[in-house]
Amino acid sequence: MTTETPTVYRLAPAVAARLLGVVLVLVAVLILVCTLTIAVLDLHTVFLLVPVALTVVVLAANFWAWREKGWVARFTAEGYRIQWVRGVGTASGRWKDVEDAVTTTVADAPVVVLRLRDGRTTTIPVEMLAIDRESFVREVQQHLQRGHGLTKF
């Protein structure tokens with residue numbers, strides 16, 4: 001057991017902004033539907049406080065979720081874990097099980113592919129991460145070397 005703190009790679013600001021934009025559009029549609037319903041049914045405008053309160057709750061929940069679970073990749077001395085990525089393949093594994101790491105492109109997007117000894121793969125889209133592509137590749141290499149017990153001369 002090591003005392004090394006995990007390395008965490010969070011969502012890129014552009015990806016987080018797109019997700020927040022989707023949430024805001026959905027909330028705006030909810031408020032619009034509620035406003036039209038209140039106008040058609042001739043209800044008191046106090047009923048509009050319900051979608052507004054719901055909006056505050058949804059935004060607070062999104063803030064908490066992205067703050068606590070807004071990471072995409074987490075590397076420890078023993079292994080890695082990937083979340084929020086569709087088509088990741090193997091979402092977690094040990095460094096000792098990784099045969100090698102390669103960079104490639106999938107759908108015109110740069111990715112790092114961790115190839116495991118048993119033939120499975122883990123695909124990490126680098127553009128989703130809030131880190132420079134080259135820096136991320138270097139850090140993956142360092143974690144992989146340490147996980148295999150290799151040291152630099």
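**Figure 1. The hairpin of strand 6 and strand 7 in the predicted model.** In this predicted model, strand 6 and strand 7 form a hairpin with four residues between them. Within the turn, Gly-119 has a positive phi of about 100°. One of the paired positions involves Val-113, whose bridge partner in strand 7 is Thr-123.

**Figure 2. The hairpin of strand 5 and strand 6.** Here the hairpin has two residues between the strands, and Ala-107 takes a positive phi near 55°. Strand 5 and strand 6 (residues 109-116) are paired in the antiparallel sense over eight bridges. Thr-105 stands opposite Pro-110 of strand 6, and Val-102 has Val-113 as its bridge partner in strand 6. Val-113 is also the bridge partner of Thr-123 in strand 7. Strand 6 is mostly covered, with seven of its eight residues buried.

**Figure 3. Pairing of strand 2 with strand 3.** Strand 2 (residues 71-75) and strand 3 (residues 79-82) pair in the antiparallel sense over three bridges. Ala-73 stands opposite Ile-82 in strand 3. Ile-82 is also named among the core residues that touch the most other members of the largest nonpolar core.

**Figure 4. The largest nonpolar core and the surroundings of Phe-75.** In soluble globular proteins, nonpolar side chains tend to be buried together. The largest nonpolar core in this model has 23 residues, of which Phe-75, Tyr-80, Ile-82, Leu-114 and Phe-136 touch the most other members. Strand 2, strand 3, strand 6 and helix 3 are the elements that give two or more residues to this core. With residues up to four places away in sequence left out of the count, Phe-75 touches Pro-6, Thr-7, Tyr-9, Tyr-80, Ile-82, Trp-95, Ile-124, Phe-136, Val-140 and His-143. These contacts of Phe-75 include Tyr-80, Ile-82 and Phe-136, which are themselves named among the residues that touch the most other core members.

**Figure 5. The largest pocket and its lining.** The volume of the largest pocket is about 250 Å³. Its lining consists of Trp-84, Val-85, Arg-86, Gly-87, Val-106, Ala-109, Val-111, Thr-123, Pro-125 and Met-128. Strand 6 and strand 7 are the elements that give two or more residues to the lining. Thr-123, one of the lining residues, is the bridge partner of Val-113.

**Figure 6. Trp-84 in the loop between strand 3 and strand 4.** Trp-84 is found in the loop between strand 3 and strand 4. Although Trp-84 is not a glycine, it has a positive phi of about 70°. Trp-84 has a relative accessible area of 52% and is therefore classed as exposed, the cut-off being over 50%. Trp-84 is also among the residues that line the largest pocket.

Figure 7. Asp-42 has its place in the loop between helix 1 (13-40) and helix 2. Its phi is near 55°, a positive value in a residue other than glycine. Asp-42 counts as exposed because its relative accessibility is 68%. Leu-54 is found in helix 2 (residues 49-69). At a relative accessible area of 41%, Leu-54 is partly exposed. The C-alpha atoms of Leu-54 and His-44, ten residues apart along the chain, are 18 Å from each other.

Conventions. Residues are numbered from 1 along each chain as its sequence is written. This is a predicted model: local features need pLDDT of at least 70, side-chain atom pairs count only at pLDDT 80 or more; totals for chains, interfaces and linings use all residues. Side-chain values use heavy atoms; hydrogens and water are left out. Buried means under 20% relative accessible area, exposed over 50%, partly exposed in between (1.4 Å probe, protein chains only). Two strands pair if DSSP finds at least two bridges between them. A nonpolar core is a set of buried Ala, Val, Leu, Ile, Met, Phe, Trp, Tyr and Cys residues joined through side-chain atoms within 4.5 Å. Contact means heavy atoms within 4.5 Å. On a 1 Å grid over the protein atoms alone, a cavity is a set of points where a 1.4 Å probe fits but cannot get out, and a pocket is an open set with protein on both sides within 12 Å along at least five of seven lines; lining residues have an atom within 4 Å of a point. Grid points are joined across faces, edges and corners, and a volume is the space filled by probe spheres set on the points.
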